Amino acid sequence: MDFSAALVGLGIYLLIWEKLPEWGAWFNRVIASLPGPLAKLYEDWRCPYCSGFWIALALHGLVGMTTLGETFRPAFDAAWLTTPMIWFLDALATATLILVGKLALSALSGPALKGHQMVAEFKKAKTVEAESA
């Protein structure tokens, strides 16, 4: 099992749905200028599992990245049937890993943000205390 497709897929997900909308108004203007069905598709694919599936299919088709690897082969040889099935199952596995990665990052970000805020408040209190002394 190779986690590179899931890691790249998670990076693409985070970039498109979490970071680009925050980096400036230009990306939000691009999304707003899309035709209605495409803008709705962008909003509907905010789910890391849903978008992860399509990202995984694109990664497999464009650059050959897989999660299940070459060891995942069917028992019979009928390429017209097994190739789409392998791509589909690999995309499902990759989407699951992308979802788990996103949930893990979300779970870690809450305590990390709280800790950062507590340190900032502590430093501010020490600065005020030092200035008043």
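Buried residues (under 20% relative accessible area with a 1.4 Å probe, protein chains only) make up 24% of the 133 residues in the chain. The model is predicted, so local features need pLDDT of at least 70 and side-chain atom pairs pLDDT 80 or more, while totals for chains, interfaces and linings use all residues. Residues are numbered from 1 along each chain as its sequence is written, and side-chain values use heavy atoms, without hydrogens and water.

**Fold and extent**
- The chain has 5 helices and 0 strands, taken as DSSP runs (H or I, at least four residues; E, at least two) numbered from the N terminus.
- The radius of gyration, over C-alpha atoms, is 21 Å, well over the 14 Å from the globule rule (2.2 Å times the number of residues to the power 0.38), so the chain is more spread out than a compact globule.
- The C-alpha trace spans about 80 × 40 × 20 Å along its principal axes.

- Beyond its neighbours within four places in sequence, Tyr13 is in contact (heavy atoms within 4.5 Å) with residues including Trp45, Pro48, Ile55 and Lys102.

**Charge**
- There are 10 positive (Lys and Arg) and 11 negative (Asp and Glu) side chains, with His and the chain ends not counted.
- The centres of the two sets lie 9 Å apart, with charges placed at NZ of Lys, CZ of Arg, CG of Asp or CD of Glu.

Notes: Buried < 20%, exposed > 50% of the residue type's maximum accessible area, 1.4 Å probe, protein only.
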